[in-house]
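Student: Can you walk me through this structure? Let's start with the strands.

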Amino acid sequence: MDSKDFREFGKAMVDYIADYIDNIRDREVLPSVTPGYLEKEIPKETPVEGENWKDVFEDVEKLIMPGVTHWHSPAFHAYYPTSNSFPAIVGEMLSSGIACVGFSWMASPACTELEVIMMNWLGKLLGLPEEFLNCSDGPGGGVIQGSASEATLVGLLAAKEKTVRLLRKTNPALLESDIKGKLVAYTSDQANSSVEKAGILASVPMIHLPSVDGRLRGDALRKAIKKDKDAGLIPCYVVANLGTTGTCAFDDIEELAKICNEEDIWIHVDAAYAGAAFACPEYRYLMKGVELCDSFNFNPHKWMLVNFDCSAMWVKDARYLVEAFNVDRIYLQHQHEGQAPDYRHWQIPLGRRFRALKLWFVLRIYGVEGIRQHIRHQIGLAKHFEQLVCNDSRFEVITSSMGLVCFRLQGDNSLTQQLLDKITANKKIYVIPCYIQEKFVIRFVVCARITTIEDINSSWAEIFSHANTIVPCPILNGNSIIPESRKHDCLSLTAYQNLTTKKSNNTISEKSK
Ligand code: PLP
């Protein structure tokens with residue numbers, strides 16, 4: 001393909017993507033294909049002669065789209081969001097165009113330098129303490145990792161090395177293998193699966209401590225440390241959660257960090273989803289104590305409008321990463337070493353993409369206020385949904401936090417299971433379940449950037465209509481006189497009847513539009 005064809009192909013694809021987002025409400029959020037569908041459509045071997053780009057382009061709609069789950073549809077309410085915005089897409093495009101590998105400053109100075117500056121912008125946007133930033137006088141700094149999973153693992157590997165070095169300094173007779181065999185790490189029973197996986201990958205048992213209402217408190221940690229130390233084990237790492245995956249609960253990081261500081265244990269904060277909310281000062285009380293932590297991570301690729309992958313990690317002392325991961329070769333060295341980070345020492349792979357570009361585009365084009373508006377708007381939509389659920393006495397809200405509402409039908413778990421089965425089979429909206437204290441609940445998350453209040457009403461109408469087939473709604477059962485005790489159901493009913501209302505366009509405005 002020459003640059004002439006590239007221009008045509010690229011422009012056609014930009015139009016396709018813009019149309020895809022503009023018309024995404026017309027697609028069913030869940031695909032209807034069955035496993036192996038694509039194998040039947042695509043040849044088993046690579047074509048011998050190169051094909052025309054137009055044929056490839058046509059196959060996107062024909063073959064790929066039928067098998068896509070539309071994460072950016074306003075009817076997608078499962079998991080946590082994955083971000084998407086036009087500035088970030090263009091940033092990705094440029095990153096692919098430059099296609100450098102920034103493993104050292106010299107390998108592409110702009111790649112490293114923009115990342116350093118963006119991590120400072122982002123850290124300030126979240127209100128992180130100065131010592132986490134590259135621009136502070138100290139050894140702290142930020143780096144873009146591929147995922148929160150990698151950040152948790154990087155923190156654990158650094159903590160492991162730090163503990164070994166520390167113990168061998170005071171007791172050189174100790175063998176590295178003996179120390180490593182005794183290390184333990186802790187997190188809450190609500191931590192994301194990636195935290196347990198980090199323990200497996202690092203060969204450090206990750207102990208799940210009991211949470212109370214989803215939050216890990218200091219007494220559980222203190223008890224576990226004492227028990228394990230008495231048994232001859234060596235605690236080295238704690239992962240605290242700000243915004244757990246199940247219910248978006250917030251651990252008391254101040255309490256946990258004080259204990260970790262006393263015990264010389266590395267404390268890492270996993271704020272993968274909810275960390276974006278700290279851009280709004282009114283939520284920063286939830287990260288009280290962050291200044292006592294060793295590392296902090298959140299995913300702009302979840303809730304801050306940057307396309308996957310972009311996971312922001314800060315450490316208070318980057319020397320621990322460099323000490324843990326510094327494996328050098330002559331061909332990697334350059335004459336400016338020490339004047340800027342060589343980010344290969346801060347991560348697992350050697351190679352790294354120019355991810356700071358998409359962050360730069362998003363932060364400039366939305367601005368601080370645009371980011372805040374996005375977060376507040378989505379939290380407001382979740383509050384609206386919660387209100388709709390609360391106004392229907394057949395339902396109960398078990399918990400709600402940020403853009404997440406966990407709710408269920410009152411009574412036996414089987415009712416909510418039936419409701420979920422019907423919703424999933426109908427494919428109009430996508431929600432997933434979880435258990436909260438043995439109650440089977442549906443997690444409803446406001447995900448898509450373009451979600452409006454009408455979209456939320458539409459999703460509620462879908463839930464409402466299936467609920468009516470399980471627990472009949474008295475208002476819809478020909479009850480023309482609404483009993484006083486059921487008056488509050490009217491709001492739900494209104495939302496149901498508003499299903500066809502016109503869509504308003506109250507999405508975030510981008511200056512680029
Ligand atoms: N931590 C939490 C709290 C999460 O909710 C998730 C994913 O939803 C992760 C970590 C994993 O994130 P990533 O896919 O970036 O590794």
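Student: What order do the strands of the open sheet have?

Tutor: The order is β1-β7-β6-β5-β4-β2-β3, in an open sheet of seven strands with mixed pairing. Strands are DSSP runs of E, at least two residues, and helices are runs of H or I, at least four residues, numbered from the N terminus. Two strands pair if DSSP finds at least two bridges between them.

Student: Before more, where do the numbers come from?

Tutor: This is a predicted model: local features need pLDDT of at least 70, side-chain atom pairs count only at pLDDT 80 or more, and totals for chains, interfaces and linings use all residues. Residues are numbered from 1 along each chain as its sequence is written, and side-chain values use heavy atoms, with hydrogens and water left out.

Student: New topic. How many residues has the largest nonpolar core?

Tutor: It has 107 residues. Such a core is a set of buried Ala, Val, Leu, Ile, Met, Phe, Trp, Tyr and Cys residues joined through side-chain atoms within 4.5 Å. Buried means under 20% relative accessible area, with a 1.4 Å probe and protein chains only. Among the residues with the most contacts inside this core are Phe-296, Trp-314 and Ile-463.

Student: Which helix gives the largest share?

Tutor: Helix α12 (residues 356–390), with 14 residues. Apart from this core lies another, of 30 residues, including Ala-198 and Val-239.

Student: Who lines the pocket?

Tutor: There are 27 lining residues, and Asp-213, Gly-214, Arg-215, Thr-247 and Ala-249 lie nearest the centre.

Student: And how many cavities of 30 Å³ or more are there?

Tutor: Two. The largest cavity has a volume of about 70 Å³. Among the residues nearest its centre are Thr-82, His-374 and Arg-449. Arg-449 also lines the second largest cavity, of about 30 Å³.

Note on methods. 1 Å grid on protein atoms, 1.4 Å probe; cavity = no way out; pocket = protein on both sides within 12 Å on 5 of 7 lines; lining within 4 Å. Buried < 20%, exposed > 50% of the residue type's maximum accessible area, 1.4 Å probe, protein only. Points joined across faces, edges and corners; volume = space filled by probe spheres on them.
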